[in-house]
Amino acid sequence: MSQTSSLVQGEGGYPFLPLDFPAPTSLLAQAESRRIKTQASLGPTEQAQRGQYFTPLKVAQLMAGLARLPGQSAVKILDPGAGSGILSVALVSYLLAEKPDLEISLTVVENDATLHPALLKSLRELEKLGSVKTFLVGQNFLEWALGTDQRFDLVIQNPPYAKLSAQDRGQKLLRSRGVTVPNIYAAFMLLGVQLLRDGGQQISITPRSWMNGSYYARFRQDFTALAGLDTIHVFESRDRVFADSEVLQEALIVSARKGVFPDQIRLTSSHDQHDLSASRTVPYTDVVTPDFIYLPATDRDAEAVSWMHQHASSHLSDLGLGVSTGKVVGFRAKELLSQTYLPGAYPLLQASHLSGGEVQHPRESVKKPQWYIGLAEEDKKALLPAGTYVLLKRFSTKEEKRRLVAAVWSSDTPSAFDNKLNYIHQAGKGLDPELAQGLALYLNSGQADNYFRVFSGHTQVNAGDMKKLLFPSLDQLRALGKISCKNQDEIDSAVEKILSKSGED
Ligand SMILES: C[S@@+](CC[C@H](N)C(=O)[O-])C[C@H]1O[C@@H](n2cnc3c(N)ncnc32)[C@H](O)[C@@H]1O
């Protein structure tokens, strides 16, 4: 397998890695104690509604350290949803430490007036530094952003997290301007980028949820069309980053530049803001794709993605194939199911019929009904025509090493599939048997499984996820279908060998 990434433990240090923060100056130390005091004064209901989870100083410093130092002598900064102003203090301190002559114009937006006294204190402190001018906007950021014609060089933000219902005023306004987002944090991110000048940079800390899944697909497309991601920092700890706010979201920091799309992307990760970082650089297209944003957590994950992108490029639909979930829901169709064969019954395939890469039906050890006796026209809708299909388990148990478990089923009568199975078909009918064998072998390979794990955060294998999985060409799948393998090593070697040849061979 080719290796395109390198893991450098503890390399580099500031600004990318949170190893040796300079000891907080009194300005930063004051901002931190103001943050903690302000956070502690918030009522829990209001805090949750307004998404008021403030950024600990070390995280704020890590974010600030990602800022590109401006070439020009003046810089315009925006901090939307500024809270007590910790991000602004960290960023301005960092920029002035690196470039003391820089003239800074800082705009902060915060619509909770009860936070303004703390925020204004932060702004006054910054203004004392001399070349810093500050502006506090007390409005709803969504409305302000859609109305202003100002543009910024740098946006730094920890946006609020709250679902946006269709009835929400902000959501209606966004929709009227063509912005569709499921959560207010995504609106902040998108509007933040829109308010950048070309080449400007946004540094944000958000939950990880926008990186995959259909819910955020439109947002991902809009965001990545507008801005190129250059650094992603993943905090592996779910609970420690915002420990003092009891937030249980997996957090990540993303640095993106408007209209600048790099060839490489830097991925850094740390357990939380207190430990060592790991860093690797990977090709941009291994991370940002039309379907997902991949975050290979380990070198092995990065290799799996890179291998797949070099060897496979088709979705099932490109191959003229479809994937669906079995149509029989056991508890809804009890009277149509039977444990024993009855004349006229059709085979009913359960996940437990798959074993050792094969389908065994009927099978003594299977406790669930194995026959379908839907003889009425209406009930026959659950049947698939006679033919060959690839069956794929939808659920793996914790003990199972693999997520993808596939096997070929052939029948000269129609059959029914339980809904704990997915099946691959051609326009609702069976597949040519060699192709089916090849598909099953490929799905059972280590390469397919490792790749699947990187983009699917859960143990369930949804038909939707299968539609996003990459496959080799039909010729390669048929070539795989001719090979018989006895064990996992042989499967992986066969896949390596056939997929390393060009698709037309
Ligand atoms: C997650 S907190 C982050 C605060 C601060 N930036 C930090 O990092 O500590 C989000 C902030 O956005 C503010 N906020 C929520 N909705 C807003 C809106 N629609 N317009 C402006 N500010 C908003 C909240 O009051 C809160 O202070």
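Start by selecting Ser 396, which sits in the loop between β18 (387-393) and β19. Helices (H or I, at least four residues) and strands (E, at least two) are DSSP runs, numbered from the N terminus. What you have open is a predicted model, where local features need pLDDT of at least 70, side-chain atom pairs count only at pLDDT 80 or more, and totals for chains, interfaces and linings use all residues. Residues are numbered from 1 along each chain as its sequence is written.

Is Ser 396 buried, exposed or partly exposed? With 17 other C-beta atoms within 10 Å, Ser 396 is partly exposed. The scale works like this: a residue is buried if 20 or more other C-beta atoms lie within 10 Å of its own, exposed if 12 or fewer, and partly exposed in between, with C-beta atoms placed from the backbone.

**The open sheet**

Next, show β11, β21, β18 and β19, which in that order form an open sheet of four strands with antiparallel pairing. Its edge strands, each pairing on one side only, are β11 (322-325) and β19 (406-411). Two strands pair if DSSP finds at least two bridges between them. Neighbouring strands of this sheet are turned by 30° against each other on average, direction ignored; axes are lines fitted to C-alpha atoms, for helices over the stretch in contact, and angles run from 0 to 180 degrees between N-to-C directions.

Zoom in on β11 and β21 (residues 421-425), which run antiparallel and are joined by four bridges. Here you can find Val 323 opposite Ile 424 in β21.

Most residues other than glycine have a negative phi, and most peptide bonds are trans. Move on to Ala 427, in the loop between β21 and α12 (433-443). Ala 427 is not a glycine, yet its phi is positive, near 50°. Ala 427 counts as exposed because it has 7 C-beta neighbours inside 10 Å.

Then pick Pro 362, in the loop between β15 (358-359) and β16 (371-372). The peptide bond leading from His 361 to Pro 362 is cis, with omega near -5°.

**An enclosed strand**

Where next? Select β2 (residues 74-80): six of its seven residues are buried, so the strand is largely enclosed by the rest of the structure. β2 pairs in the parallel sense with β3 (residues 103-109) over seven bridges, and also in the parallel sense with β5 (residues 152-157) over two bridges. Click on Leu 78 to see both pairings: it stands opposite Thr 107 in β3, and its bridge partner in β5 is Val 155.

**The ligand**

Now show the residues around the ligand. Which of the 21 come nearest? They are Phe 54, Thr 55, Gly 81, Gly 83 and Asn 158; a residue is near a molecule or strand if its C-beta atom, placed from the backbone, lies within 6 Å of it. Both α4 (86-98) and α6 (141-147) supply at least two residues each to this shell.

**A two-sided helix**

Finish at α9 (residues 217-226), where Phe 219, Arg 220 and Phe 223 are buried. These three lie on the same side of α9, because they cover an arc of only 100° around the axis (the arc is that of the directions from the helix axis to the C-beta atoms).
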